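User: I am new to this structure and would like to learn how to read it. Could you take me through it one feature at a time?

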Amino acid sequence: MKRNVLLYKGIPEQALQKLQAHFNVTYFDGINDNNKSAFLSALAETEGLIGASVKMDAEILEHAPKLKAASTISVGTDQYNLPYLAQRNIPLMHTPNVLNETTADTLFTLIMCTARRAVEMANMVREGRWTSSISEAHFGTDIHGKTLGIIGMGRIGYAIAKRAHLGFDMKIQYSNRSRKEEAEKDFNASYMDMASLLKTSDFVCVMTPLTPQTERLIGKNEFAMMKKSAIFINGSRGKVIDESALIDALTQGTIKAAGLDVFEVEPLPADSPLCKLDNAVVFPHIGSATAETRFNMVMCAVDNLINALNGDISKNCANKDLLK
Ligand code: 8YV
C-alpha cells in the first residue's frame, strides 16, 4: 500500500514519476484562496510533504496529523517552524550543497552588476539615451583588489569568497557564528566581528540563513557604520535586513548602492522604491534558478523524502539535532 504524499510545487516529469513510483501523490500548485480548503483536507491523510516557496507554519501543519516527514526543495528552511516540527518528531529535509556554486554565481553577478551599474547602463542604451561618449556621470566602481566582507560564511559564502579571491584578487573578511578555518586557509580570509566588517568593507555581502537571531540583523545603525562608497549585497533572505532602512540609506547616500536577490515581500511589489532607485539592482530571487541546479535540487528533495519516510534521515536533515 503506497503512502500518501502531498506535492505543493511543480516539478519535472522525471522527478514526478520517481515520486509516484513510491507514493500516492496529490499535487497542488501552491496554496491560494481557491484551493486552500482542498489543500487542508488533503493534508489530513498526508504522511509526506514536498515543495517550496509556501509558508508551512503550525496552523497549516495542525491539519496533517499523520505527517511523518517534510522535504523542502530549498536549502533555506525558514518556510517551516523547526521547533514545532521537532515537537512532533517530524524531520525537515532540505537541499544543501547542490546549489552552492549556482547561487554563488548569481551573487557574484549581482556584485558585478551593482558595482558597474550594468543594468542602469544597459537600460540607457535600450531607451535611446546613449547620445555621447561615456563620462564621469556613468562611471562604476572597481571590483578587483577591493575588500569583500561576507556576513555568514557558510557553504555559499565560501563559494562566493572563492570567486572573489581567486577570480578578482579581492581581500576577504568575514563574520560568522564560528571560525571557518578552510576559508582562512584557502582564501586568506580574516575573521572579525560584524561591526569591524561593516566599517572596513568595500562590498558587504549577507549570506546568513533567516533565524530568530538574524531577523533584522542589518538595519539603520549597521548601514550607518558602512563606508559611503560601500556596496551592499543581500542573497540571504529579505527579513535579514530592515528594508525601509536600506531604502533610506540608498536615498540619503549613507551607502553607494545595493544589489538584492531577496526581499521582505516576494514578489517585490512594482511600486517599491527599490524598483525605481538607479543605485539598487534587484533580481527576482534567482539565486539557484538555473535549469540544471533546480533539476538537481528537485531530485535531491525527492530522494530526501523517500529516505526520510523509510526512516533514514542521516543526510540533509535540517532539524536532526532537535528531534527526540
Ligand atoms: C529558492 C532558495 O528560493 O534554496 C533556497 O533556500 O532561496 C532558492 O533556491 C528555493 O529553491 C525555492 O524556489
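**Reading the domains and the ligand site**

Analyst: Arginine 237 and aspartate 78 form a salt bridge through their side chains, with N to O at 2.9 Å. Keep in mind that the model is predicted.

User: Which parts of the chain make up domain 1 and domain 2?

Analyst: The domain assignment puts 3-97 + 292-322 in domain 1, while domain 2 covers 100-282. The C-alpha centres of domain 1 and domain 2 are 32 Å apart.

User: How many residues of domain 1 are in contact with domain 2?

Analyst: On the side of domain 1 there are 7 residues, in contact with 5 residues of domain 2. By class, the side of domain 1 that touches domain 2 has 2 nonpolar, 4 polar and 1 charged residues.

User: How is the size of an interface expressed?

Analyst: Often as the accessible area that is lost when the parts come together. Here domain 1 and domain 2 bury about 540 Å² between them, and 40% of that is on carbon and sulfur atoms. Within domain 1, the residues that lose the most area to domain 2 are Asp78, Asn97 and Thr293, which together give 74% of what that side buries.

User: How many salt bridges does the rule find across the interface of domain 1 and domain 2?

Analyst: The rule finds 1 salt bridge there. As for polar contact, 3 residue pairs between domain 1 and domain 2 are counted, both residues at pLDDT 80 or more.

User: Now the ligand. Which residues around the ligand come nearest?

Analyst: There are 13 residues around the ligand, and those that come nearest are Val75, Gly76, Arg237, His285 and Ser288. Sorted by class, this shell has 5 nonpolar, 5 polar and 3 charged residues.

User: Which side chain has an N or O atom 2.8 Å from an oxygen atom of the ligand?

Analyst: The side chain of arginine 237 does. Histidine 285 also has a polar side-chain atom 2.8 Å from a ligand oxygen atom. For isoleucine 73, a backbone N or O atom lies 3.1 Å from an oxygen atom of the ligand. On its own the ligand has 320 Å² of accessible area, of which the protein covers 89%.

Notes
Residues are numbered from 1 along each chain as its sequence is written. This is a predicted model: local features need pLDDT of at least 70, side-chain atom pairs count only at pLDDT 80 or more; totals for chains, interfaces and linings use all residues. Side-chain values use heavy atoms; hydrogens and water are left out. Domain bounds come from an automatic or database domain assignment. Contact means heavy atoms within 4.5 Å. Buried area is the accessible area (1.4 Å probe) that two parts lose on being put together, summed over both. A salt bridge is a side-chain nitrogen of Lys or Arg within 4 Å of a carboxyl oxygen of Asp or Glu. A polar contact is a pair of N or O atoms within 3.5 Å; within protein, one must be able to donate a hydrogen and the other to accept it, and residues adjacent in sequence count only if both atoms are side-chain atoms. Ala, Val, Leu, Ile, Met, Phe, Trp, Tyr, Cys and Pro count as nonpolar, Asp, Glu, Lys and Arg as charged, and the others, Gly among them, as polar. A residue is near a molecule or strand if one of its heavy atoms lies within 4 Å of it. Accessible areas come from the Shrake-Rupley method with a 1.4 Å probe; for residues, only the protein chains shown count as cover.
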